[in-house]
Amino acid sequence: MANFLNSYKKYFVKEINIITVAIVIGIAIPVITWIIEIIVHNLPVTPASIILLHKNIPSLLLVDVLPFILVAISYLIKNQQKISTAKYDEQLADRDKKIESMAEFAKQIGEGNYNTQLDISTHNDALAQSLLVMRENLISNQKKENEQSWIAEGKDTISEILRTNIKIDELSNKVIQSLVKYIHVVQGALYLYDEKNKVLINFATYAYNRKKYINQEFKIGHGLIGECAYEMDYIYRTEIPEDYATITSGILGDQKPQSILLVPLVTDEKLQGVIEFASTKKEIPDQTIRLLKELGEIIARTIFNLKVNQRTEQLLAESQKMTAELQENEEQLRQNAEEMRATQEELQKSNEQLEANIQKVENAQKRLYSLLENASEIISIYDENMVLTYESPSVIKILGYTPEEMMGGKDMDRLTRKGETAMRAMFKQLLSNPSEPVSIQYTYMKKNGQKIFLETTGRNLLTDSAINGIILNSTDITERKRAEKEERMRSKMQALSENSLDMILRLSTVGQFFYANPVVETYTGIESKDLINKTLNEVKFSDILFNYFRDTIEQVKANPEKTTTEITIPAKIEGIEEDRIMSFNAIPEFNENELETILFVGHDITEAKRIEQEIQDKNRKIEDSINYAQRIQTSILPDNKVLREFIPNSFIFYRPRDVVSGDFPWYFKKGDDIYIAAVDCTGHGVPGALLSFIGYFLLNNIVDHESEHTASGIIDELHYNVRRTLKQEDNEAEARDGMDIAFCKINYGKKELQYAGAHRPLYLLRNGELEEFKGDRKAIGGIPHRKKEEKDFTNYILDIKRGDKIFFFSDGLSDQLGGPEIKKYSPKRIRENIVENKGLTMDEFNTFFANDFNKWMGDNKQIDDVLLIGIEF
């Protein structure tokens, strides 16, 4: 506004200047005209001359009037400019008001106040419309962000519960309780699927902020719970059945819910359970349904993992129980032997160091006997206030500190808290009872960081004029402590060896026996006392045992490392002569880094070997049976060679997970029709292979006897025949086995392709574009739904065009885990590979998918049978 006023002032001044100029010009023109005429007529410059000129030249009067005309014109221009300026000022003020209004509107939106209003009638321009559109977009985005944030927060809350709870009961209660509170419903329940009994069991119920204890069971397909489990899809109802449970509340009384939501817990297409929620509101929000659907798989995967972990723990406990007793004695003996060997080495080194120190001290005593009578000890003198007044030079050798470094209270600073407490207690006792010496033991840290044990004996000699203090004699007893520990370990080792079930001997490097436990007599017939101090050549061992000891001693002498050898020796146990398989460990024992003795520990593994052989025999028989089944399966299934006799441009990428497979390619030609299918039976390995034989021969029988069936008609027949074969139509049927299938009927004469599928899609690549034909969401076979009529399979009829390519496959390809993030291969990746490599031939597609699958799987285990069929017309 200030800029506008300045501009206006400049304009007004300019306007005044224009009028002044007009007046000046208007006056200057007559004056100049008069001067010119006076000069032309040679007249003097006087008023009389001017009057004379006007008389003689009347036209000068017009020139004289010109100033008035210019002033009048300027005045008119000035008035017009004033009118324009006023109108311009009014427009500027109105625009400023609109801009300020829209700026305030934009500021309110920027501060998050989306309820502010803007009058469209007074702001009908593009900027105002844009601001209103922006506000609506921000409101919409905020709503979406709030929904996403709400869903993410809910998933995080439940994920934390799933992560921190390892017991299914606690996890179920906490999950259902948290969900009921989070989504604001009045009741919730969690049902887990019992695979053994084929029922859904209520594990947790929560209503009106209270935990409920309700025992309920539902069979698959029975009730809404069973129906949700059978369909493996969520159920949302606002029309509640009459027999549905009534919600009881002290506030609301007895009433039926207005809406219910049931969500299956499914992972890897396997049912784990169902969660159920009831609300007194007429509708359950879409975002709540989205949250529960996304949580369904997460909860299912966690429950599945907990079940697997529980089963694994059970198997592990059984396995550990079987081997615990055998391993306990052997491992303890080995650890004690290693510890004794290490202790012996440390003791030997310490003894050498101790002897060297003693020699040094003795030499010092001889040189300075009158000064340091106790030079093998640290001699310290304290006053009655525990202040060190003297430290003998021997402290340098024992602790590494100089006497000066021990002064000034530093001696006490280097004590541990326990050592300082013991020192103060000793001083207190010495002061209270001066005639009695006091001894304490404590640890001390040497200057080089080595921890040692000291024994200090204190005497109160404050009354002795020569000492005038409390004298402490401190001795390093580290080696004594180690010797005591070694003796304890030797005693412990001796006790373990005497009571061990293993044969334990210690021999020198020349074959002399230093130790043998009583078990030796059991296997050699020679008492242990008869072996001590004798050599190998003096003892009548069997040739096998004698040669083992002799050869092993030479081997350890050449390469002093632990060895393990299995040998079979003759033995007489409980009066029965028999060969026993022994596992001997030869452990070298050192003294001053030189091999001194060899400890032999022999463990009887005869029974373990017998059990191992029985297991190997059984495994070999099972493997032979499976290999024979594989030869039978291979002989009846088509391969690339058979298929290309009638469909040249085709391939079969087939990779069973085990020796035999539950997936199988099927091919049949009858008249002008060619039938081909990719079949995926329940399971893999031997169970899947058995089911594959049923599917194979049923398909052959159906197609051979029924030539007029469509593709869907054939798999409808297969569906009912599998049920009859497996007796799944009986009321007490429990076998839910079946198969998925992608089935094609091709007639080259009619240029027609018929397709029908059970859970399996068909991909058609035509002119570089990929089209998917989805199979029906039901399997071949399985227990029929008692309350729901089944629909026939969908039959797709496609016109074949030259260059068309079709692909169909089992779920083993798309479900394979791999890649850098260990994710599924996925149908999306299959579609992308087909489109990105649309120019490849069928043979090249076969090679491409084989290489890509291997690269994706990497070092991961193949999780299922894999089958992919491709055809180019």
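Analyst: One cut-off before we start: a residue counts as exposed when its relative accessible area is over 50%, and as buried when that area is under 20%. Asn 468, at 53% relative accessibility, therefore counts as exposed. Keep in mind that this is a predicted model.

User: Where is Asn 468 found?
Analyst: Asn 468 sits in the loop between β13 and β14. Its phi is positive, about 55°, although Asn 468 is not a glycine.

User: Is Met 232 exposed or buried, or partly exposed?
Analyst: Met 232 is partly exposed, as its relative accessible area is 33%.

User: Back to β13 and β14. How many bridges join them?
Analyst: Eight bridges join β13 (residues 451–461) to β14 (residues 469–476), and the two strands run antiparallel. Within β14, Gly 469 stands opposite Leu 461.

User: What sheet are β13 and β14 in?
Analyst: They belong to an open sheet of five strands, ordered β11-β10-β14-β13-β12, with antiparallel pairing. β11 (388–391) and β12 (438–445) stand at the edges with a single partner strand each, so one side of each has no neighbour in the sheet. Neighbouring strands in this sheet are turned by 25° against each other on average, direction ignored.

User: What holds paired strands together?
Analyst: Strands of a sheet pair through backbone hydrogen bonds.

User: Which helix lies across β12, β13 and β14?
Analyst: Helix α11 (residues 417–432) does, and β10 (378–382) is also among the strands it lies across. α11 runs at about 155° to β12.

User: What about the strands β15 to β19, what order do they take?
Analyst: These five strands form an open sheet in the order β16-β15-β19-β18-β17, with antiparallel pairing. The edge strands are β16 (513–516) and β17 (563–573), each pairing on one side only. On average, neighbouring strands here are turned by 25° against each other, direction ignored.

User: How many bridges join β17 to β18?
Analyst: There are 11 bridges between β17 and β18 (residues 576–591), which run antiparallel. Thr 565 has Phe 584 in β18 as its bridge partner.

User: Which helices pack there?
Analyst: Helix α14 (residues 543–558) lies across β15 (503–508), β17, β18 and β19 (594–604), at about 160° to β17. Helix α15 (residues 606–636) packs on the sheet too, touching β17, β18 and β19, and its direction makes about 115° with that of β18.

User: New topic. What does β1 pair with?
Analyst: β1 pairs with β9 (residues 270–279) in the antiparallel sense over six bridges. β1 also pairs with β2 (residues 199–207), antiparallel, over eight bridges. On the β9 side, Gln 187 has Ala 278 as its bridge partner, while Gly 188 stands opposite Tyr 206 in β2.

User: How covered is β1?
Analyst: β1 (residues 187–194) is mostly covered, with six of its eight residues buried.

User: What is in the turn between β1 and β2?
Analyst: The hairpin has four residues between the strands, and Lys 198 takes a positive phi near 60° there.

User: How many residues are between β21 and β22 in their hairpin?
Analyst: Two, and Gly 671 in that turn has a positive phi of about 65°. Eight bridges join β21 to β22 (residues 673–681), with the strands antiparallel. Trp 666 stands opposite Ala 677 in β22. Of the eight residues of β21 (residues 663–670), six are buried.

User: Last one, how do α20 and α21 cross?
Analyst: The axes of α20 (residues 827–836) and α21 (residues 842–857) come within 12 Å and cross at roughly 140°. The two helices are therefore oblique to each other, and the crossing is right-handed.

User: Which residues meet there?
Analyst: Arg 829, Ile 830, Asn 833 and Ile 834 in α20 meet Phe 845, Phe 848, Phe 849, Asp 852 and Trp 856 in α21. By class, this contact has six nonpolar, one polar and two charged residues.

Methods: Residues are numbered from 1 along each chain as its sequence is written. This is a predicted model: local features need pLDDT of at least 70, side-chain atom pairs count only at pLDDT 80 or more; totals for chains, interfaces and linings use all residues. Side-chain values use heavy atoms; hydrogens and water are left out. Two strands pair if DSSP finds at least two bridges between them. Axes are lines fitted to C-alpha atoms, for helices over the stretch in contact, and angles run from 0 to 180 degrees between N-to-C directions. Contact means heavy atoms within 4.5 Å. Angles under 35 degrees count as roughly parallel, over 145 as roughly antiparallel, 65 to 115 as roughly perpendicular and the rest as oblique. A crossing is left-handed if the near helix is turned anticlockwise from the far one by less than a right angle, and right-handed if clockwise. Ala, Val, Leu, Ile, Met, Phe, Trp, Tyr, Cys and Pro count as nonpolar, Asp, Glu, Lys and Arg as charged, and the others, Gly among them, as polar. Buried means under 20% relative accessible area, exposed over 50%, partly exposed in between (1.4 Å probe, protein chains only).
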